[in-house]
Amino acid sequence: MATIKEVAARADVSSATVSHVINHTRYVSETVREQVERAMRDLGYRPNALARSLRSGETHTLGLILPDSANPFFAEFGHAIETAAFERGYSIILCNTENDLEKERVYTEVLENKQVDGMVFVASGENRAALSLITQKGLPLVVVDRDMGNLELDTVITDNYQGGFVATQHLLSLGHRLIACITGPSHLTPSAERVTGYRAALLQANIPVDETLILRGDFHASSGYANGLQLLQRLPRPQAIFACNDMMAIGVIRAASQLGLRIPQDISVVGFDNIELGAYITPPLTSVAQPKPAIGQLAINLLLDRIQNPALPRRRNVLPVQLVLRESTGRSL
Ligand code: RIB
């Protein structure tokens, strides 16, 4: 096995430069990087990550725990996290818990055993077991999206209340009064806060909240479809539906199409997340945009600050959301 010194000699650079190329720990010009990588290929050199981590006590690897990597919001969020981490010289190990608390606990142990330098954690629910395990081990941690409230942890969330409020206010501004809501899992803070914003907007417009117009979904398109069929066959039919995420809104649009209803002429639909797909479905989806790149960048910055300085005061960040208007909302005909 070639050594780092042999690679340096072959590339006509110092061993320190080879190390910086491998670890992304300092700027290296594209020319030098290519020289070193060519020398590594020619000599068949493979960095010994384990030896390196034993020496430095760091692996330059971060754990990312997600509850549903198949959901486009988390796919786009995960992309933002990976991009931000790679720019700072870190690799990501992604763990998908499928909203299963046991998997969440197992993966937390796996990442701890892999000696990750820190973790970005999107909780599957209220269970604190995995979080306690992480914090007891003193592992640097940033909680994202699902607010863990009273725990003293670095946190990055979005203003879900405001998102639910402005989505509903938009539908009211179109003249709609019979406005339904399909929630996400009620135990998750993002969904609960969006529904609270929906209620507040109705009450501000002096419209009593009709609890029969609030149906429980699970953030999957199938629940939007099933609840959409139920709502759209009621009499009187709602004039608009606010779905607490885009995947459920897409399910509602399928249900409306199946019932021969036109969007927005017969029913307006608003989603939440502003996933990329939403701009390309028919009709394009009005949605409350979550700033996924900014969430990822901020989460990585907080985590790397924490890794460098464990004594930093905890920081809690609530990022603003923005209503993106497309053709799925309009005045009733
Ligand atoms: O679409 C998945 C949902 O789960 C998003 O709204 C995100 O906020 C997460 O809570």
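Ser 173 counts as partly exposed because its relative accessibility is 45%; here buried means under 20% relative accessible area, exposed over 50%, and partly exposed in between, with a 1.4 Å probe and protein chains only. This is a predicted model, in which local features need pLDDT of at least 70 and side-chain atom pairs count only at pLDDT 80 or more, while totals for chains, interfaces and linings use all residues. Residues are numbered from 1 along each chain as its sequence is written, and side-chain values use heavy atoms, with hydrogens and water left out.

**The chain as a whole**

- The protein chain has 12 helices and 12 strands; helices (H or I, at least four residues) and strands (E, at least two) are DSSP runs, numbered from the N terminus.
- The C-alpha trace spans about 80 × 40 × 30 Å along its principal axes.
- Of the 333 residues of the protein chain, 52% count as buried.
- Among contacts between residues at least 6 apart in sequence, 71% join residues at least 24 apart; contact means heavy atoms within 4.5 Å.
- Ser 173 lies in helix H8, and its C-alpha atom is separated by 9.5 Å from that of Gly 330, which is 157 residues away along the chain.

**Pairs of packed helices**

- Two packed helices are described by the angle between their axes and the distance between the axes.
- Axes are lines fitted to C-alpha atoms, for helices over the stretch in contact, and angles run from 0 to 180 degrees between N-to-C directions.
- Angles under 35 degrees count as roughly parallel, over 145 as roughly antiparallel, 65 to 115 as roughly perpendicular and the rest as oblique.
- A crossing is left-handed if the near helix is turned anticlockwise from the far one by less than a right angle, and right-handed if clockwise.
- Ala, Val, Leu, Ile, Met, Phe, Trp, Tyr, Cys and Pro count as nonpolar, Asp, Glu, Lys and Arg as charged, and the others, Gly among them, as polar.

**H6 with H7**

- The axes of helix H6 (residues 101-113) and helix H7 (residues 129-136) come within 8 Å and cross at roughly 15°, which means that H6 is roughly parallel to H7.
- The crossing of H6 with H7 is right-handed.
- From H6, Glu 104, Arg 105, Thr 108 and Glu 109 meet Ala 130, Leu 133 and Ile 134 of H7; this contact has three nonpolar, one polar and three charged residues.

**H1 with H3**

- Helix H1 (residues 4-11) and helix H3 (residues 30-43) have axes that come within 8 Å and cross at roughly 120°, so H1 and H3 are oblique to each other.
- H1 and H3 make a right-handed crossing.
- Glu 6, Val 7, Arg 10 and Ala 11 in H1 meet residues of H3 including Gln 35, Val 36 and Met 40; the contact has six nonpolar, one polar and three charged residues.

**H5 with H12**

- The axes of helix H5 (residues 72-87) and helix H12 (residues 292-308) come within 8 Å and cross at roughly 45°; H5 and H12 are therefore oblique to each other.
- H5 and H12 cross in a right-handed sense.
- Residues of H5, among them Phe 73, Phe 77 and Ile 81, meet residues of H12, among them Pro 293, Ile 295 and Ile 300; 10 nonpolar, two polar and three charged residues make up this contact.

- Helix H9 (residues 189-204) has 16 residues and reaches 22 Å from its first C-alpha to its last, close to the 22 Å expected at 1.5 Å a residue; the expected span is 1.5 Å times one less than the number of residues.
- The buried residues of H9, including Val 195, Tyr 198 and Leu 202, pack against helix H8 (160-173) and strands E6 (179-183), E7 (214-216), E8 (240-243) and E9 (268-273).
- Helix H10 (residues 221-232), with 12 residues, reaches 16 Å, close to the 16 Å expected.
- Buried residues of H10 include Asn 227, Leu 229 and Leu 231, and what covers the buried residues of H10 includes E6, E7, E8 and helix H11 (246-258).

**Backbone features**

- The peptide bond from Leu 235 to Pro 236 is cis, with omega near -5°; Pro 236 lies in the loop between H10 and E8.
- The peptide bond from Ile 263 to Pro 264 is cis, with omega near 5°; Pro 264 lies in the loop between H11 and E9.
- His 60, although not a glycine, has a positive phi of about 50°, and it counts as buried because its relative accessibility is 18%.
- Asp 273 in strand E9 is not a glycine either, yet has a positive phi of about 125°; Asp 273 is buried, with a relative accessible area of 4%.
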